[in-house]
Each structure stands twice: as structure tokens, then as C-alpha cells.
Protein chains: 2
Amino acid sequence: MTTAAGATPSELRVAQQMCERARRWTQPALREAVARLPGPLAAAGAYQFGWQHSYGPEGPGRASDEVDEVPEAASPAGADSGKAVRPALVYLAAEALGAPAERAVPGAVAVELVHNFTLVHDDITDGDATRRGRPALWRQFGVGPALLAGDGLHVLAMDALLRRRDERSAVAAALLNRALIATMYGQVRDLGFVQRPWAGPEAVSVAEYRAAARGKTGALLACAAALGAVLAGGLPRQVARFAAFGRHMGVAFQCADDILGLWGDRQRTGKPVGDDLLQARKTIPVLLALTADTPASARLRDLLTRAETPLNREALPGVLELIGEAGGEEATRREAEHQTALALRMLAAVPMSAETRARFAAMAAYLTRRGS
Amino acid sequence: MTTAAGATPSELRVAQQMCERARRWTQPALREAVARLPGPLAAAGAYQFGWQHSYGPEGPGRASDEVDEVPEAASPAGADSGKAVRPALVYLAAEALGAPAERAVPGAVAVELVHNFTLVHDDITDGDATRRGRPALWRQFGVGPALLAGDGLHVLAMDALLRRRDERSAVAAALLNRALIATMYGQVRDLGFVQRPWAGPEAVSVAEYRAAARGKTGALLACAAALGAVLAGGLPRQVARFAAFGRHMGVAFQCADDILGLWGDRQRTGKPVGDDLLQARKTIPVLLALTADTPASARLRDLLTRAETPLNREALPGVLELIGEAGGEEATRREAEHQTALALRMLAAVPMSAETRARFAAMAAYLTRRGS
């Protein structure tokens, strides 16, 4: 059950339709792509996407005895990536420029493959044991096979865009490749924040947070929308507008995600509540709470700067309450709404049907929806 | 000190000149590319290439206390990859088609980046702790940073080819990307061989070995030569010939490498002698020794099929001697020479100066040279 921050039930319904059609249009080509991986890696790829796969008599390799079975009920559709948000943006951008959906399929396949490639590798580097309510790929198949499967998804994503070997392929492939560079920069920035203090001249500013989010979350959303435009034959200026839309939506989405990371809900994020705080990750609700000029804000600053690093799990409920009291959650919602408004403004100059424009607005609302 | 199997001192000198000029022509652009990685990853990339890098006050991150220092004397030029064999092939192919070296630089940069990306990830998946006589990247920086740095090198390689965003870029990028798919298939095939028996109907055939080597070793050598031809404006038919040259050279090179893996020398390979055998890897000297119809061959078959798996380290000297007695090393050298001849024959139909043709022959001899 999800409700939205400022999103109407009808917007949510439209967004879900967009994702549903994107899944339907993308699935055949996506499965075909993953099946092109060599046997054992194809099995790993199928697992990552939550597909049935015949693993042969021995079943998939096991990384650890602790993982005893894959929960039957767990489904990737329960998590964001399974929702095909990025493919939905590819198709919408192509639709805005009047191109048929078929033209956008390679872009949708590519962003979905790349998104999953980054998830697989990130879970290894972060040591995250679960993904979409199931054991992460590396827990199920081992680090080596998971690493190679991730590389395989990466290569297949480029392949999806480079099949035609014409100028447009080069533009599309360069776009995806640059998005990966930008994502990497965002991730490294974000990781660097962990070492920085909560207060004082070395503290992480909201502007720095936004820059990191534009990269780590925005780059691929931007790429999705831009790819749809490129494959539809859009001019560079139009492509840039779709990209800007995606970058702002990345910051908005990251704001919503940071709220979920601090206050719930666990089922959707698959992460224990408050973990970001225990790991000293500089999430925006805390940054905004700290910059609010209120007594709660001052108490929070005192608490975080004097607290042992890493923060004690017992101190967590008190800290979370103070962040709320200092208005961290509300300010973050406002930031998300502000970024969403900026995102939609980027598309204002692109002529498109009222229906398509409403679909973009619905997707934007959906991306920042509030957890139940 | 290296001498060659059938290579003259003058051929070796020419090949070394080819590699030396390739290093000189490639280095500036390669360093520029690696410097485009975000800070911590750029440091990891520089380490991988064996360059001086300012790591900041704390020095590079440490994955393990066991690795105490980076040996000063160790130099990447002491290992094959540091020899710039792949860039040398890129430039030679461009030279054959009459193009200036500058035109081939993006190809040389791309193959060198991709080669190192695969080394970095392979060392993680294989758990290899040393590379070029120094701690492998993951031992020095940790698995997570090494994995990300590998991904970064991969992305930069594509970027080098996609900068111009024209049709030729798309062809070049698709070529590199397909080479990665072929490499992956070869690696997976080769890994699958480990589970197969040494004798009987399930045994690995020499034809299967060649197919795996064409992928895991040949695909990137083929790509190097083909990229040089593409960037020089070569026609598809010519490009295919350079690719075929590289694929045969891949098998020849793998033969030479398998000999080194069994009998030495350790300094050059960085791997303990005989390890391939202990890991039940199906290397060609053993396969050819087993198919020789001699008493030694029969004794070897008995020994390997009755031996415990994995093979006991104490049994190693006896097994190695039997492989030699059954003619495994000599047959492997003949296979390498046969593949080298096939490789050069692929270029016979490509018009080029006698000097350039001699340079290809020198490179081919160099790639399969005998360890000292």
C-alpha cells in the first residue's frame, strides 16, 4: 500500500499503468538479452530479475550456508527496480516526440540492464545481503559469479544500443556510458561524505548533497528519458531537456528514499530503518534538520557531534525523534516537491500532448510517493 | 631474459620496438583517461598501471595487514600486459592500412583499459593475490574499491571509442563490446572444463580447448588488430582478416602461457608452477600428452584418472615429468607454431609493406616466445 506526497490516486494509477506497459514492452527483449549470457551467468541474471530459471540438477551455486532458501513470496515487483520506472521514462520520452514504442525498446532494455548491473555490484561493495526481499545475488551465487554476471549485464546493455552501428547508436551508447561515469562520481562523492563531520566548516552542504544525488540517482533517470528522446530522433536541445528532467527527478527520488531509509518502511527498502544514520551517511533529512535554526536543531547538532562514531544503536530512537522535531522530514518533502516542480518545468518547452504531459507528472509524483 | 620458440633475435628486437613505441604513443591519453576517474578510483587505476600517484597523507587504503608494502622493484613492464602487446597490434593494423598513429590512439587506449579491467575483476573472482609481482589491486585497496575501479576502466574504454559519436565510433565500440562478450564465453567455457574428467567420453577435446582460448585470450587480441583497421578506415572484409589474425594468435599465446603455467618461469607469470594442474584446469600440454598414443601417455591417463581430485601437491613432479615424456610440451609448441602460421596467413591477402608484414611476424613470434 502506498500513498503519495501530493500525488492523487489517479496519478498513481496512471504511473502504475506506465510501468506496467513498460514492463510488458520490455520483457521479451530483456529476457532475450539476459539469455545471451553464457549458461551460469544467464542463471544468475535470471535470478537478479526474479525470473523462473532452470538451474540444472544441482540448483544455483551457494555462497553461504546461512541462506537456506529463496522466499517464495518475495517478488522483484515489490521493489522499485522491478517497477520498471526507468523503462517507463524511456517510452514516455519517445511518446512525447511522437515515436512508436518499438523504437524505444533498446533504450528501455539498456537502462534496465545497467540499473541491475549497478545494483549487483553495489550489493557486493556495500556487503548488502538482501535485495528486493531476497538474498542478494552475491549471497546466492557467490561474489565471483555475481561480479561476472554484473559485468555481463553491463556489456549487454551497451550491446542493446550498439546493434545498429549507426550514428544514432553512437550517440545513445555515449549517453549511457556518460551516465555511468556520472553515477560513479555521485557514488564516490556520497561515500566521501561518510568521513565528513555533521557540523562545522567541513560539514556537507545541501548543495553538495544535491550534486551527489544528481549523479548517483539522477544520472540514470536522466539517461532513461534522454535515451527515449534520442531513439525517437529528438534534437540535441530536446534531449538535453529530458535529461535535465531526469536529473531533478533523481534528487527528488533520493529525498524520498532517504526518508524511507530513516523512518521505514523496511519491506519496501529491504534495509533496516536508521541504518544510514548508523553508518554516518549524510542523508538530507538530517542535513536539513541541522540547518534549521531551532532549539531541536541545536540539540541534534550537539548530540551528533558529541556522539561516538559510529552512532550507537541505542541512541537511534532519540536522534530520529530530534530530526523529526527539527523539521527534517517536512523540509525533505518540500525539497522533493521543489525538485519535482523543477523537473516538470524542464519539459515545459517541449511540445507534447496534454495526456503525455500528465503522464510525466504522474510518474514524477509516483517516484517521490510516501511509504505506507 | 627471454628467447623465442622459432623467433630470431632480430624479430624479438623489432617486437620490443613495436611495444615500446605503442607505450610511448598511448601513455599520455591513457593517463588522461585514468585521471578522469573520481579521486579514489583514479588512485586505484594508477596503481593497477604501476604509475606513481599521490595518494594523500594516509596512502592507499589497505585490504589486509598481510600486505605490508609494495615492492619498489616490481614494475608492470615485467609482465605481459605492461608490454603493451595489444596497443602494439592496434598501431600495426593502422600502419598496414596506411593510417597515421594518432588515428589509432583511441583504440590502443581502449584495449589497454579493457585488458586491465578484466585483470582487475579476474583477480577478484579467482582470488589471485598477486599481479605483476605486486599485490593485486583488491589486496591493496579492498574488494569493493577494486571492483568499482574495474568498472571505471571498463566505462572509460568505451568512452575512448565513443567520443566522436559517428558511425565509425559505433562500429568500434560494438567491436570492443562484442569482444567482451566473446571473452566472457571463453572464460566460462574454460571454468566449466575444471569439472570435466581427463579421460573418457566426457573429456575436454583439443577443439574445445581452442574454442575457449579463441574467446578468453583471442577475442581481445582480435579486437586490438580489428580496431586498428576500423580506425584506419578499413573495409569490413579487411577488418575481419585482422580479427582472424588476432584470434589465432590468442590460441598460440594461450599455448605458450599454458607451458609457462606448468613448467615456469614463476617470475614472469607470477603464478606458482603447476598450479593449473592442481586446480584441474584443462591446459593444452596435458590434453595433448593424453592424446599421444604412447606408454607415457597411458601411464599419465591412469595416474590422472585414479588421482584424488584435487591433485596432491606431492604427486606434481611425477605428473609433470610424465606430461613431458608423453610429448605434451613439444606438441604444444607445435600447436602454437601452427596457430601462428594460420594467423599470419590471414594477413596474406591484406596488401601492406614488407616492413609492416615483418613487424606482424615479429609480434607473433614475440607473443609465443619461450620463457628463459
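A salt bridge is taken here as a side-chain nitrogen of Lys or Arg within 4 Å of a carboxyl oxygen of Asp or Glu. The model is predicted; local features need pLDDT of at least 70, side-chain atom pairs count only at pLDDT 80 or more, and totals for chains, interfaces and linings use all residues. Residues are numbered from 1 along each chain as its sequence is written, chains are lettered from A in the order in which they are written, and side-chain values use heavy atoms, without hydrogens and water.

Across the interface of chain B and chain A, 2 salt bridges are found. In one of them, R178(A) pairs with D159(B) at 2.8 Å, N to O. Polar contacts (N or O atoms within 3.5 Å, one able to donate a hydrogen and the other to accept it; residues adjacent in sequence count only if both atoms are side-chain atoms) link 9 residue pairs between the chains, both residues at pLDDT 80 or more. On chain B, the side that touches chain A divides into 21 nonpolar, 7 polar and 8 charged residues, with Gly counted as polar and Ala, Val, Leu, Ile, Met, Phe, Trp, Tyr, Cys and Pro as nonpolar.

Contact (heavy atoms within 4.5 Å) joins 36 residues of chain B to 36 residues of chain A. Together the chains bury about 3,400 Å², 72% of it on carbon and sulfur atoms. Buried area is the accessible area (1.4 Å probe) that two parts lose on being put together, summed over both. V155(B), R165(B) and M184(B) supply 18% of the area that chain B buries against chain A, more than any other three residues.
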